[in-house]
Amino acid sequence: MKVTKVCCQGCGADLDVDEGIRFVTCNFCGARLEIVHDDTVTHSRLLEKIGRQTDAMAGDLKVIRLQNELEQLDREWQADSQRFMVTGKNGQASAPNPVAGILMAIVGIAFGIFWIGQTSRMGAPAFFPLFGFVFIAAAAFGAFRNLAKSSGMNQARSGYERRRRHLLEQIERAGGR
Ligand SMILES: [Zn+2]
């Protein structure tokens, strides 16, 4: 049987192919090839199926890349969200709670007013009632800081969630999940 040289369309290797054979698998890259005999030349053609497998593989790679991006995004948010955290009484960090912050401020301000009233009535030295004002100012400042952090965190979180949703949509479209 006559042997012809055919260039593999998958990897470019020279393959020795018996003339009568129509389909061949490349020894080098494993591509399934159709041997096409034209009038003048014999060449190989990658089978459709391989093309689709390659597409699927490219799709898988895209999914993996997107999933890595998603993990990266989550990690970045984990790190980024720390700067909005408030430290609680026991030293543990937690997300700012604006309602709790306002309630604490109200209690603090009420105590300050009570303190000023009591110390004034008892005729205590002037710096005693003044402590009450310091207390009120501290409570108001705490609530303000808490609100600012909380709104900053909400803004950053909505940006993070938007990017995350976008990535998830891309993953879904690429055939993952
Ligand atoms: Zn090949």
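Two strands count as paired if DSSP finds at least two bridges between them. The model used in these exercises is predicted.

**Exercise 1.** Find the bridge partner of His37 in β5, and describe how β4 and β5 are joined.

Solution.
1. Strand β4 covers residues 32–37 and strand β5 covers residues 42–46.
2. The two strands pair in the antiparallel sense, over 5 bridges.
3. In β5, Thr42 is the bridge partner of His37.
4. With 4 residues between them, β4 and β5 form a hairpin.

**Exercise 2.** Work out the strand order of the open sheet and state which strands stand at its edges.

Solution.
1. β3 and β4 run antiparallel and are joined by 3 bridges.
2. Phe23 stands opposite Glu34 in β4.
3. The open sheet has 3 strands in the order β3-β4-β5, with antiparallel pairing.
4. β3 (23–25) and β5 each have a single partner strand, so they stand at the edges and one side of each is left without a neighbour in the sheet.
5. On average, neighbouring strands of this sheet are turned by 35° against each other, direction ignored.

**Exercise 3.** Classify the packing of helix α2 and helix α3, and describe the residues of their contact.

Solution.
1. Helix α2 spans residues 98–121 and helix α3 spans residues 127–173.
2. They pack at an angle of about 170°, and their axes are 8 Å apart.
3. Angles over 145 degrees count as roughly antiparallel, so α2 is roughly antiparallel to α3.
4. The contact residues divide into 20 nonpolar, 9 polar and no charged.

**Exercise 4.** State the domain bounds and the separation of the domain centres.

Solution.
1. The chain is divided into domain 1 (3–46) and domain 2 (59–173).
2. The C-alpha centres of domain 1 and domain 2 lie 67 Å apart.

Technical notes:
Residues numbered from 1 in each chain as written. Predicted model: local features only at pLDDT ≥ 70, side-chain atom pairs only at ≥ 80, totals over all residues. Axes fitted to C-alpha atoms, helices over the stretch in contact; angles between N-to-C directions. Parallel < 35°, antiparallel > 145°, perpendicular 65-115°, else oblique. Nonpolar A, V, L, I, M, F, W, Y, C, P; charged D, E, K, R; others polar. Domains from an automatic or database assignment.
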